[in-house]
Amino acid sequence: MPRDFCFTPPHTAFILANAAAICSSASLLGGPVAEARVHRLIDNVSLASPLTSRMERELDALEDLLGLENVHDMDSVEAEHFARIDPCDPVVEEICLLLDGLRQARAQSTDMAP
């Protein structure tokens, strides 16, 4: 079956549409290393149509970061950055919306996989 170069998978469309907010959230939650990792992910999904196992791992890592999976480890960078965030800050809701959107887009992409 020929490849459809005009089709953008839902996970790619979501990441590209929300790139600035995702980068900002990654920086806020994980510092410059997490932000650089997200920039590489954005570059990779914008250049490659099929989802590679490496990109899948990077999407998992992004989902973990946005989902606060590592904030319980007091030695982690995520815990340090998370402690600085005011729970009443509107960015908290934005991060939650990004996480929900990413999960939904990934689920749609999985449903569409051959």
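User: At roughly what angle do the axes of helix α1 and helix α2 cross?
Analyst: This is a predicted model, where local features need pLDDT of at least 70, side-chain atom pairs count only at pLDDT 80 or more, and totals for chains, interfaces and linings use all residues. Residues are numbered from 1 along each chain as its sequence is written, and side-chain values use heavy atoms, leaving out hydrogens and water. Helices are DSSP runs (H or I, at least four residues) numbered from the N terminus, and axes are lines fitted to C-alpha atoms over the stretch in contact, with angles from 0 to 180 degrees between N-to-C directions. The axes of α1 (residues 10-17) and α2 (residues 19-47) come within 10 Å, and the crossing angle is roughly 130°.

User: Which residues of α1 and α2 make the contact?
Analyst: Contact means heavy atoms within 4.5 Å. On the α2 side the contact is made by A19, I22, L41, I42, V45 and S46, and on the α1 side by T12, F14, I15, L16 and A17.

User: Is H81 buried or exposed?
Analyst: H81 lies in helix α4 (residues 77-83). Beyond four places away in sequence, H81 touches S27, L28, L29, G30 and G31. Buried means under 20% relative accessible area, exposed over 50%, and partly exposed in between (1.4 Å probe, protein chains only). With a relative accessible area of 15%, H81 is buried.

User: Which helices do the buried residues of α5 pack against?
Analyst: The buried residues of α5 include V91, I95, L98 and R106. They pack against α1, α2 and α3 (53-66).

Technical notes. Helix = DSSP H or I, 4+ residues; strand = E, 2+ residues; numbered from the N terminus.
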